[in-house]
Each structure stands twice: as C-alpha cells, then as structure tokens.
Amino acid sequence: MTTPPAPDPPLWPTRHPRYTGVNHLLPPQRRRGLHPAADIALAIGLLVIDVIAPLIAFVFGLDAAGYQMFDPAADNSSVSLTRPFTYVSVVGGIVLVSALLLFTARAFISSGVQVLAGLVLVLVAVIGMNDADRNSHPQPVPTSPSINPGALCRSGGDNSECGGS
C-alpha cells in the first residue's frame, strides 16, 4: 500500500491572518504603557539628571567664556554669562526632546515631568541671557547739560504746566 502524495500548499494565503472565522475577528494589538510605579521611578531618575546636567553645562560654559574659577587674583568682571546660559538652553532643548520620546513610549508621568523641567531650564536660560546682555551693555547716562528734566512739560498743555516756568 502506498500513501498518496501530500497536496501542494496554495501559492497564496487562503484567509487573512487577522480573520479567524465568519464573525470572529482577532482583537487589535494594543501597546501597553509603562507601569505607573516604573514611570514614577523613571521620572525621579530623569529629574536628578535634569538637575545635574545643566550645572555641568553651565560650568563648561563658564570655562568656554574665559572665567577662571580657581585663580583668586583673576579679574572675571568682564566675562559675559551669555555662553553658559546658551549651554543651559541647549540642555533644556534636549530635555524637551526626551519628553517627546517618552510620550511616544507611553510614559506619560515621565514625559510630563520632563516637559516641566525642560520649560524651566529654557526659561531660566532666556532670563539669564537677557540679564547678562543687559549687564554687558548698560544704558548710557545722558551727558547733555542742556536737558533739564524739571523744565519738561508734564501733560503737554500750556507753559504753566511746565516745571521750569
């Protein structure tokens, strides 16, 4: 007795891989988020890094700007703080990008903490750059003796409202 040869498999699939029967569809595959405890632990760990990284960037920025930290006789009054705050703003941008990546990984608590930390870093950097620029370029004091602030008119009316008349 001989066994008949096995039939050849069809050249194409006989049914759709997600269709198991007439009325039975497979459930859609869902991406699960991070467990809340792991998400909180990740947020705390990243927050520690978010505190240390800007400090390191600020110190490297001071060094790049020419600030001499360990020389007590050095005159550091002319060193601008714009470059160190620029470094801090770059770190803040990296933190915001990491928040986007965490959001796509469905770590919602960590991404929210990263957004807040990144916004604080960028805000501190912008305020610091503005203050450093204002300190490096002070407003000149008027030197013209012809302008007497008491002689200016108060409301733009007649001469009786002018302080010097």
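These are my notebook entries on a predicted model of one protein chain.

**Entry 1: ground rules**

I number residues from 1 along each chain as its sequence is written. The model is predicted, so I take local features only at pLDDT of at least 70 and side-chain atom pairs only at pLDDT 80 or more, while totals for chains, interfaces and linings use all residues, and side-chain values rest on heavy atoms, with hydrogens and water left out.

**Entry 2: the whole chain**

I found three helices and zero strands in the protein chain. Both kinds of element are DSSP runs numbered from the N terminus: helices are H or I with at least four residues, strands are E with at least two. Along the sequence the pattern reads α-α-α.

Next I looked up burial. Of the 165 residues in the protein chain, 18% are buried. Buried means under 20% relative accessible area, exposed means over 50%, and partly exposed lies in between, with a 1.4 Å probe and protein chains only. The accessible surface of the chain comes to about 13,000 Å². Carbon and sulfur atoms hold 67% of that surface. Such areas come from the Shrake-Rupley method with a 1.4 Å probe; for residues, only the protein chains shown count as cover.

I also checked contacts, meaning heavy atoms within 4.5 Å. Among those with a separation of 6 or more, 52% join residues 24 or more positions apart.

**Entry 3: the core**

Which residues make up the largest nonpolar core? I listed seven: Ala57, Val88, Val91, Val95, Ala117, Leu121 and Ala125. Helix H2 (82-104) and helix H3 (108-136) are the elements that give two or more residues to this core. A nonpolar core here is a set of buried Ala, Val, Leu, Ile, Met, Phe, Trp, Tyr and Cys residues joined through side-chain atoms within 4.5 Å.

I then followed one member, Val88. Setting aside neighbours within four places in sequence, Val88 is in contact with Pro54, Phe58, Leu121 and Ala125.

**Entry 4: Phe60**

I found Phe60 in helix H1 (residues 36-65). Is Phe60 buried or exposed? Phe60 is exposed, because its relative accessible area is 53%. I also noted Pro84, which is 24 residues from Phe60 in sequence. Their C-alpha atoms are 7.1 Å apart in space.

**Entry 5: the loop between H2 and H3**

I placed Arg106 in the loop between H2 and H3. Its phi is near 65°, a positive value in a residue other than glycine. Most residues other than glycine have a negative phi. Arg106 is partly exposed, with a relative accessible area of 32%.

I then looked for aromatic pairs and counted two. Rings of Phe, Tyr and Trp (its six-membered ring) pair if their centres lie within 6.5 Å; planes under 30 degrees apart are stacked, over 60 edge-to-face, and the rest tilted. Phe103 is partly exposed at 48% relative accessibility. Phe108 is also partly exposed, at 43%.

Ser110 is in helix H3. At 1% relative accessibility, Ser110 counts as buried. What does Ser110 contact, leaving aside neighbours within four places in sequence? I listed Asp39, Leu42, Ala43 and Leu102. The Ser110 side chain reaches the backbone nitrogen of Ala43 at 3.3 Å. I noted Ile40 too: it is 70 residues from Ser110 along the chain, yet their C-alpha atoms are separated by 6.6 Å.

Ser111 is also in helix H3. Ser111 counts as buried, at 5% relative accessibility. Not counting residues up to four places away in sequence, Ser111 touches Ala99, Leu102 and Phe103. A polar atom of the Ser111 side chain lies 2.9 Å from the backbone oxygen of Phe108.

**Entry 6: the salt bridge**

How many salt bridges does the structure hold? I found one. The rule asks for a side-chain nitrogen of Lys or Arg within 4 Å of a carboxyl oxygen of Asp or Glu. Side chains of opposite charge can pair when their charged atoms come close. The partners are Arg134 and Asp131, with the closest N and O atoms 3.8 Å apart. Arg134 and Asp131 are separated by about one helical turn, because they are three residues apart in helix H3. Arg134 is partly exposed at 49% relative accessibility. Asp131 is partly exposed at 35%.

Key. Polar contact = N/O pair within 3.5 Å; in protein donor to acceptor, adjacent residues only side chain to side chain.
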